Amino acid sequence: MSTDLLDGEPTSGFQDLLGYHLAEWDENHAVLELTIEPKHCNRAGLVHGGVLATLIDTSCGFAATFCPHPGRVRRCVTLQLTTSFTGQVRHGLIRAVGRKKAGGSRIVFCSSEILDENGKLIAMGEGTFRYRTGSESPEGVAL
């Protein structure tokens, strides 16, 4: 397992399975990158919609949970997620750019766009997320 930008927190099993990595992460913003492999594609040879939905969900979740305090984390759960598929891609690097848009102390709203390596929009989505107990504040909880 690698640590990416997660400050000592190991990657998840699902992250290891898909192979995406956290390329940028700061307050209200996260970028995931994925180099497309055959395991990411459907029978038509295109990136599977489930992979794109995962990147939308995950980039939004990271955008909502940045924690500037070493050794501490913030967590959230997805309450609602919408996705729209606007293009197709077979190979190369794709980037999911998540942004926290609004919210209160427990519920937040985020959006994400997935772009191919030429900057073409492949998919987009929005989600509603609830902070887990202790993750409502920027201080988060101990690892």
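**Entry 1: H29 and its surroundings**

I started with the contacts of H29: leaving aside neighbours within four places in sequence, H29 is in contact with E24, A63, V97, G98 and R99. The model is a predicted one, and I kept that in mind for every value below. I then looked up where H29 sits, and found it in strand β2, which covers residues 29-35.

Is H29 buried or exposed? The relative accessible area of H29 is 15%. The cut-off for buried is under 20%, so H29 counts as buried.

**Entry 2**

Next I checked the pairing of β2 with strand β1, residues 21-26. The two strands run antiparallel and share 5 bridges.

The hairpin of β1 and β2 has 2 residues between the strands. I looked at N28, which is in the loop between β1 and β2. What is the phi of N28? It is near 70 degrees, a positive value in a residue other than glycine. I noted this because most residues other than glycine have a negative phi. As for cover, N28 has a relative accessible area of 31%, so I logged N28 as partly exposed.

**Entry 2: from β2 to β5**

I followed β2 to its pairing with strand β5, residues 93-103. This pairing is antiparallel as well, over 7 bridges. E33 has R95 as its bridge partner in β5.

From β5 I moved on to strand β6, residues 107-115. β5 and β6 pair in the antiparallel sense, with 8 bridges, and they form a hairpin with 3 residues between them. R95 stands opposite L115 in β6, and A96 stands opposite I114 in β6.

How many bridges join β6 and β7? I found 9, again in the antiparallel sense. One of the pairs is S112 with G125, the latter in β7. The hairpin of β6 and β7 has 5 residues between the strands, and G119 takes a positive phi near 85 degrees there.

**Entry 3: I122**

I122 lies in strand β7, residues 121-131. Its relative accessible area is 1%, so I122 is buried. I listed the contacts of I122, leaving aside neighbours within four places in sequence: L52, F85, T86, G87, Q88, V89, I114, L115 and D116. Among them, I114 stands opposite A96 and L115 stands opposite R95.

I also took the C-alpha to C-alpha distance from I122 to T86, which is 5.0 Å. In sequence I122 and T86 are 36 residues apart.

**Entry 4: T54 in helix α2**

I turned to a helix and picked T54, found in α2, residues 49-64. The relative accessible area of T54 is 15%, so T54 is buried. Which residues does T54 touch, not counting those up to four places away in sequence? They are F14 and L18.

**Entry 5: the whole chain**

Last, I looked at the chain overall. I counted 2 helices and 8 strands. From the N terminus on, the order of elements is α-β-β-α-β-β-β-β-β-β. The radius of gyration is 15 Å, close to the 15 Å that the globule rule gives for 143 residues, so the chain is as compact as a globular protein of that length. Along its principal axes the C-alpha trace spans about 45 × 30 × 25 Å.

Buried residues make up 41% of the 143 residues. Among contacts between residues at least 6 apart in sequence, 60% join residues at least 24 apart. The accessible surface comes to about 7300 Å², and 52% of that belongs to carbon and sulfur atoms.

I closed with the charges. The chain has 14 positive and 16 negative charges, and their mean positions are 6 Å apart.

Conventions
Residues are numbered from 1 along each chain as its sequence is written. This is a predicted model: local features need pLDDT of at least 70, side-chain atom pairs count only at pLDDT 80 or more; totals for chains, interfaces and linings use all residues. Side-chain values use heavy atoms; hydrogens and water are left out. Helices (H or I, at least four residues) and strands (E, at least two) are DSSP runs, numbered from the N terminus. Buried means under 20% relative accessible area, exposed over 50%, partly exposed in between (1.4 Å probe, protein chains only). Contact means heavy atoms within 4.5 Å. The radius of gyration is taken over C-alpha atoms; the globule rule is 2.2 Å times the number of residues to the power 0.38. Accessible areas come from the Shrake-Rupley method with a 1.4 Å probe; for residues, only the protein chains shown count as cover. Lys and Arg count as positive and Asp and Glu as negative; His and the chain ends are not counted. The place of a charge is taken as NZ of Lys, CZ of Arg, CG of Asp or CD of Glu. Two strands pair if DSSP finds at least two bridges between them.
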